[in-house]
Amino acid sequence: MSASAAVSREPRGSAVNGRRALARRPLLFACLIAVLIAAIALSLSLGSVDIPLSDIVRALTGGEASRDAWTNIVLRFRLPKVLTAALAGAALSVGGLLMQTLFRNPLADPFVLGISSGASLGVALVILAIGAPGVALLAGFGLAGDLGIAAAASIGAGLVMLLVLLIASRIRDRVALLIVGLMLGYAVGALVSLLLFFSIPERIQAFINWGFGSFGGVTWGQMPIFAPIVIGGLLLCATLAKPLNALLLGESYAASLGVRLGRVRLAIIVGVGLMAGAVTAFCGPIGFLGIAAPHLARSLFGTSDHRITIPAALIVGALLAIAADLIAQAPGSRTVLPLNAVTALFGAPVVILAILRWRGLRASFE
Amino acid sequence: MKFRSLLAALIVSIALTPFALFSVSADNLTESCVESFDATVDYFPEKVEPRFSEGWRVSYHNNYKVVDVLTPFPGAADIDAFQYVLVQCGTPAPEGFDDALMIEVPSGALIALSTTYVPHLDDLGLLDNLIGMDSGLYVSNPEVVARFAAGDLLEVGSGPSVNVEAILDAEPALVLAFGSGSPDYDTHPTLIEAGVPVVVASDYVEGSPLGQAEWAKFIALFYNREALANEVFEAKAASYADLTALTAALSDAERPAVLWNGYLSYADAWFIPGSDSFAAQYVRDAGGMLVLGDAPEIQDTAAGVPFAFETVYEAGLDADIWMPGTFGVTTLMDFVAQDERYADFAAVTNGQVYNFDARENANGGNDYFESGVANPQLVLADLIAILHPDLLPEHELVYFRNLPKE
C-alpha cells in the first residue's frame, strides 16, 4: 500500500522511466554486490605493505604466507579493517537514510541528534582533560582496560542518545526534535572546545588524530562488540521499511494508515543511535558518508521506496566506505591520508553528479 | 651579589674618570642601573653568542644590545622577524630603532607563557622575577608548583583570549611568549596591541636539542646574566658531547633498532619522527637506529610522517626497543589493552617498552617537555642507558620509564 504510494511520488512524466528502472533493479543489485565483493578483494590485496597475491590467498585460506608478519597483516589488519569499513559504511548510510526520512530533510545524517558530539566529548575527556584520572574514571565502568577511547566515545554517545530519547518521548514535533538535537550538538561541542582550549598541545594532536577517523582501530578483540551492535541496528532499521514509506507521505497520512508514530520514531532513534554511536566510538566521527550514501542509493535506484533504498543504501554505504579507505591508504605509498578528508574530497563530486542526474530529490522530501 | 654590584658600581665610577679611557668593568650589572653614563664604557663585558641556536642572534653595543628573533614560528620569513633593543638602565636609549621594542635591562617582573622557559629561569637564578604563567596545571618545577599552590602566581591563559586585563594590572617588565604563526594560537599580537612588553621567544622552532637548550642564553640577555648562562649551558653542551663520544664509534650492527612513534598514533596513522627531528637526533646520538629511519618519506624533515600501521608493524616487529610516546598507560598490560596487536612486537615480549612519562604530573604536564628541553644531556643519558646499559651502568632514568609487565 504505502510502497506504491511512495513510488507514485516519483517525478511526473517519468512513469515509463520508472517502470524501466523497476525492471533494472535486480540487475542493479547484482552489479552492486559484485562491485562490493571486488572492492573487498581489492582492499585485502592492496595496502602499504607489498604482499604477493599468492601469499594473500594462502593467508586467507588458512595457510601461512611466506612471512609471519604478512599472515598477520592480512588476517589481523586488513580483514578486520575491511569488515569494519563495510559495517560502518552500511550503518552510517542506512542511519542517514532513516534520519533524512524521519526529519524530511535531505541534509540530515546519523549525527543530526548530537550523537557524534557526545562521543567527541567522551574522547576529549579521556585524551585532553586529565589523562590518568580520566582513564581511572572509565575503569570504574570496567571498560578502560579493554577499549579506552572507544569506551569513552560509547559512553559519551550513549548519554547524549539517552537525553535525546528522553526529550523525544516528550516532544511530538519532529522539527522541534531536530532543533533540540542540533542544540545538544552545539552545547556538547562547546564543552569539547573548552577542553581543547585548556589542554596541552601534544594531547590536542591526539584528539585531532582521532577526529580524522579510521577503520583500522577495530581489532578482532573488539569486533564481538562492534559487529553485533551494528548488525542489530541494521536489522532493526530493516523492519521499519513499511512505516518509513508511510512517513514519506507525511505524519498525519502515516497515522491515518495505522502507523504508530511515537513507537516508530523511537525505534528509528534507537536503531540509528546505536549504529552511529558504535561507529563513532570505534572509528571516530566519520562525516559525509551518512549524508551522501543515501542520496546516491536513491538516485541509483530512482526511488524512495524504503524496501529498495534500505538495502541499496546498505550496499552503497559499505562500498563507499571501503573505497574511501582504499584511497586513504594511498596504495603504492607507505603513508596514509586522513579518512575524513578522503570521504568528502572524493565523495562530494560523485554525489553532486548523481543528484544532477536524478531529479527526484525534491519529490522525496516534499 | 651585593659585593659584585658594589664592585661593578666602583668600576663604573672609575670608568667615569677622564683618565680611564680604556677601562672596562668586569661584570654585567645584574641588579643595578648605571648612575652616570659614559658613552665610551662597555657596560656588557660579559657576552653570549649562540653556538647551536639558529633562531636568535645578538649584537652588543656599549650600553645596549640588539636582539633579533629570526624564526618566531616554523617557516617564518625575514619579514616575520622581531627585533628587541635591550638598553642598560640608567643609559640613554639609542636612536634609529623605531620598529623595535625597547626594554630596559636588567629587566624585572616576568610572565612566562611557556613551561620551557621555567628551567632556564631556575638555572639563572631568576625564578624570583616570575609573577605569572599561562597556566599552573602543566608546570613541573617544584618551586613554581609550590608558588602556584600558595596562590603567589598569576594564571593568565594564552592565545588571542589571553587575560590582557590581568597582565596589564600586574605590570610585568617582560612577557615571554612563543609564536605559532597562526592567529588562532598566537598571544603576542594581542599583547603588543595592549602595549605589554612582550618578547616572542619561540625556542621550540630550533632544529636541535642543544639549540633549544641554548635559549637559556637568550633569556639571560634580559637580565644581564650572560656569565651564568655561559657557565650553565656550556657545562651541559660539554656533557652532551662527552655522551655522544661514548656511542660515536659503534658500528651499525651494534646499534639497536628503536621504534619511536609520535604522541598517540591512533589506529591507522603512525607518526614516525623525521630524520631532522629531535627524536631522530637523540636516537642517533644515543647509538641507536630508528625503525623506518632510512625511509625516503622521513628524510630532511623535522616533522612526524604518518605511516600505515601495517607498514610500521612489518618494520618494527623485531625492534629491540619501543618508545610509543603514549599516555594514560601504567603497565605493559594497559598498553596491550589499547590494541591487542601490540603484543606481537618483540619489544613488548621482551619488556623493552619505554615511555617518556616518568615525570608526568597529575594534569598531564610532562617534565620531559619542560626541564627535559633545557637538559638535553639528561635526555641523551637516559637514552644511552636504555640502548646501551653497559655504557652508563650507574645512570638512573630521569624522564623515561620502563613499562612494567603488571
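**A strand in chain B**

Modeller: Start with strand β10 of chain B, residues 257-260. B:A257 and B:L259 point one way from the strand. B:V258 and B:W260 point the other way. All four, B:A257, B:V258, B:L259 and B:W260, are buried.

One is strand β12 of chain B, residues 289-290. β10(B) and β12(B) run parallel and are joined by 2 bridges. Find B:V258 and look across: B:L290 of β12(B) stands opposite. Another partner is strand β14 of chain B, residues 321-323. Here too the pairing with β10(B) is parallel, this time over 3 bridges.

How far can you trust chain B? Its average pLDDT is 90, and 93% of its residues score at least 70. Where pLDDT is low, the predicted coordinates should not be read in detail. For the model, the scores are ipTM 0.78 and pTM 0.83.

Next, the place where the chains touch. Chain B brings 32 residues to the contact, and chain A brings 31 residues. On the chain B side, β13 (304-308), α10 (309-316) and α11 (332-338) each supply at least two residues. α10(B) gives the most, with 5 residues. By type, the chain B side divides into 17 nonpolar, 6 polar and 9 charged residues.

Finish with one residue in chain A. A:V192 lies in helix α9 of chain A, residues 174-197. Why does A:V192 count as buried? Because 21 other C-beta atoms lie within 10 Å of A:V192, and the cut-off for buried is 20 or more. Leave aside the neighbours within four places in sequence, and A:V192 is in contact with A:S120, A:L121 and A:A124. Compare A:V57, which is 135 residues from A:V192 along the chain. The C-alpha atoms of A:V192 and A:V57 are separated by 45 Å.

How values were computed
Residues are numbered from 1 along each chain as its sequence is written. Chains are lettered from A and ligands numbered from 1 in the order in which they are written. This is a predicted model: local features need pLDDT of at least 70, side-chain atom pairs count only at pLDDT 80 or more; totals for chains, interfaces and linings use all residues. pLDDT is the predictor's confidence in each residue, from 0 to 100. Two residues are in contact if their C-beta atoms, placed from the backbone, lie within 7 Å. Ala, Val, Leu, Ile, Met, Phe, Trp, Tyr, Cys and Pro count as nonpolar, Asp, Glu, Lys and Arg as charged, and the others, Gly among them, as polar. A residue is buried if 20 or more other C-beta atoms lie within 10 Å of its own, exposed if 12 or fewer, and partly exposed in between; C-beta atoms are placed from the backbone. Two strands pair if DSSP finds at least two bridges between them.
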